[in-house]
Amino acid sequence: MIGICVLAAGFAAHAADLEAGKKKAAEVCAACHGPDGNSATADFPRIAGQHPDYLAKALRDYKSGARKDPVMSGFATPLSAQDIQNLTAYF
């Protein structure tokens with residue numbers, strides 16, 4: 001029972017922070033993808049409503065270089081794992 005409580009506490013410590021995700025989205029994503037992830041132009045994909053796991057993988061792949069795009073890599077590289085979790089929860 002103690003192990004379950006410790007495990008649950010660990011998950012809670014890394015829970016997504018929607019307000020932090022909204023703030024980071026305004027700083028990093030809004031110029032191209034719109035403030036709420038609904039891009040105003042077809043030049044940039046709509047990220048609002050995308051599955052969080054998909055967005056997280058895409059950001060991690062841009063960050064690592066596994067997915068190539070110089071603009072997205074530039075934005076994704078400085079993101080922490082917590083930033084990615086917050087952003088994907090927000091969108």
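Ser73 is found in helix H4, which covers residues 70-76, where helices are DSSP runs of H or I with at least four residues, strands are runs of E with at least two, and both are numbered from the N terminus. At 17% relative accessibility Ser73 counts as buried, because buried means under 20% relative accessible area, whereas exposed means over 50% and partly exposed lies in between, all with a 1.4 Å probe and protein chains only. Leaving aside residues up to four places away in sequence, Ser73 touches Tyr62 and Arg67, contact being defined as heavy atoms within 4.5 Å.

The model is predicted, so local features need pLDDT of at least 70 and side-chain atom pairs count only at pLDDT 80 or more, while totals for chains, interfaces and linings use all residues. Residues are numbered from 1 along each chain as its sequence is written, and side-chain values use heavy atoms, with hydrogens and water left out.

The protein contains five helices and zero strands, and its pattern along the sequence reads α-α-α-α-α. Of its 91 residues, 29% count as buried, and among contacts between residues at least 6 apart in sequence, 58% join residues at least 24 apart.

Two packed helices are described by the angle between their axes and the distance between the axes. Helix H2 (residues 18-33) and helix H5 (residues 81-90) pack at an angle of about 95°, with their axes 8 Å apart; the axes are lines fitted to C-alpha atoms, for helices over the stretch in contact, and angles run from 0 to 180 degrees between N-to-C directions. H2 and H5 are therefore roughly perpendicular to each other, since angles of 65 to 115 degrees count as such, those under 35 as roughly parallel, those over 145 as roughly antiparallel and the rest as oblique. On the H2 side the residues that meet H5 are Leu18, Ala20, Gly21, Lys22, Lys24, Ala25 and Cys29, and their partners in H5 are Asp83, Asn86, Leu87, Ala89 and Tyr90. By class, this contact of H2 with H5 has seven nonpolar, two polar and three charged residues, where Ala, Val, Leu, Ile, Met, Phe, Trp, Tyr, Cys and Pro count as nonpolar, Asp, Glu, Lys and Arg as charged, and the others, Gly among them, as polar.

Within H5, the residues Asp83, Ile84, Asn86, Leu87 and Thr88 are buried, and the buried residues of this helix pack against H2 and helix H3 (52-64). Asn86, placed in helix H5, has a relative accessible area of 5% and is buried. The side chain of Asn86 reaches the backbone nitrogen of Asp17 at 2.8 Å. Not counting residues up to four places away in sequence, Asn86 touches Ala15, Ala16, Asp17, Ala20 and Gly21.

Cys29 is found in helix H2 and, at 11% relative accessibility, counts as buried. With residues up to four places away in sequence again left out, Cys29 touches Lys24, Gly34, Leu87 and Phe91. Tyr54 lies in helix H3 and is partly exposed at 44% relative accessibility.

Two pairs of residues are listed here with their separations.

| Residue pair | Separation in sequence | C-alpha to C-alpha distance |
|---|---|---|
| Cys29 and Ala76 | 47 residues | 9.9 Å |
| Tyr54 and Thr88 | 34 residues | 8.6 Å |

A pair of aromatic rings is described by the distance of the centres and the angle of the planes. Rings of Phe, Tyr and Trp (its six-membered ring) pair if their centres lie within 6.5 Å, with planes under 30 degrees apart counted as stacked, over 60 as edge-to-face and the rest as tilted. By this rule the count comes to one aromatic pair: Tyr90 and Phe91 are edge-to-face, at 5.1 Å centre to centre with 65° between the planes. Tyr90 counts as partly exposed at 25% relative accessibility, whereas Phe91, at 12%, counts as buried.

Terms used
A polar contact is a pair of N or O atoms within 3.5 Å; within protein, one must be able to donate a hydrogen and the other to accept it, and residues adjacent in sequence count only if both atoms are side-chain atoms.
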